[in-house]
Amino acid sequence: IVKDYLISLDPSNLEKNWHKYYNTFVNNEKITIGADGNIYAQSDDGVIAFDHSNGEIIWTFYPGNINSIALVPDSLGNGSPGSGGIVFNGDSLLYWIDTNGNLLWSYNAGDNPPNLAVDAAGKVYYPQYNDGSLLIIDLVSKSKVGEFNNYSNPGNVQAGVSIAENGNLYWAVANKASRPHKLFALEAAP
């Protein structure tokens, strides 16, 4: 997304396939590409899904101020590419929506982190700003199933989380008060 444009480029020659102008983007927002190729973009107040072949809007979902989008495994849908839908956070809520933009479930996670991650089993890893803990929310049971905060509470933190291809979880905790930053690596379950 560049200055309210959504642009598709051919990677072999960087020629433009198509471009569309939209008046709803914040200039620095992220986009996510689904397994089916469709494009999910954060807008000023929600998520917009675009058809990858032409940039046309498929659907919109406007919950409010969102921070992060993550793909849900296809196994939680009907198994076809992209069928698991997406999760995203906005105004302290975690939302799970299907590929048609329908709300499947929401959960009050109490914070609005800049990123989240979803593992192959459908567990969402949701960092918390206030205390640096990491919530584990299961999309299958639709409940919080754990919380990791196995360190002294640094308070006032920024945290980011990512899952490697081998399933290991990496969670960075940066304290805003100049205390030592930490990187946790949690090994994937066998």
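Q: Are Phe88 and Tyr95 buried or exposed?
A: Both Phe88 and Tyr95 are buried in this predicted model. The label requires under 20% relative accessible area.

Q: What makes the pair of Phe88 and Tyr95 stacked?
A: The ring centres of Phe88 and Tyr95 lie 5.2 Å apart. The limit for a pair is 6.5 Å, so the two rings count as paired. Their planes are 25° apart. Stacking requires under 30 degrees, so the pair is called stacked.

Q: Why is the pair of Phe61 and Tyr95 called edge-to-face?
A: The centre-to-centre value for Phe61 and Tyr95 is 5.8 Å, within the 6.5 Å limit. The angle between the planes is 70°.

Q: What does the pair of Phe61 and Tyr95 tie together?
A: Phe61 lies in strand β6 (residues 57-61), and Tyr95 lies in strand β9 (residues 93-97). The pair therefore ties together parts that are 34 residues apart in sequence.

Q: Which residues form one aromatic cluster?
A: Phe61, Phe88 and Tyr95 form it. A search of the whole structure finds five aromatic pairs.

Q: Why does Leu14 count as exposed?
A: Its relative accessibility is 61%. The cut-off for exposed is over 50%, so Leu14 qualifies.

Q: Why is Lys142 called partly exposed?
A: Lys142 has a relative accessible area of 39%. Buried needs under 20% and exposed over 50%, so Lys142 falls in between. Lys142 also has a positive phi, about 55°, although it is not a glycine. Its place is in the loop between β13 (134-138) and β14 (143-148).

Q: Which residues lie nearest the centre of the largest pocket?
A: They are Ala70, Leu71, Val72, Ala117 and Val118, from a lining of 20 residues. The elements giving two or more residues to that lining are β7 (66-71), β11 (117-118) and β15 (157-163). The space in this pocket is about 270 Å³.

Q: How do the lining residues of the largest pocket divide?
A: The lining has 13 nonpolar, five polar and two charged residues.

Technical notes
Residues numbered from 1 in each chain as written. Predicted model: local features only at pLDDT ≥ 70, side-chain atom pairs only at ≥ 80, totals over all residues. Heavy atoms only, no water. Phe/Tyr/Trp six-rings, centres within 6.5 Å; stacked < 30°, edge-to-face > 60°. Helix = DSSP H or I, 4+ residues; strand = E, 2+ residues; numbered from the N terminus. Buried < 20%, exposed > 50% of the residue type's maximum accessible area, 1.4 Å probe, protein only. 1 Å grid on protein atoms, 1.4 Å probe; cavity = no way out; pocket = protein on both sides within 12 Å on 5 of 7 lines; lining within 4 Å. Points joined across faces, edges and corners; volume = space filled by probe spheres on them. Nonpolar A, V, L, I, M, F, W, Y, C, P; charged D, E, K, R; others polar.
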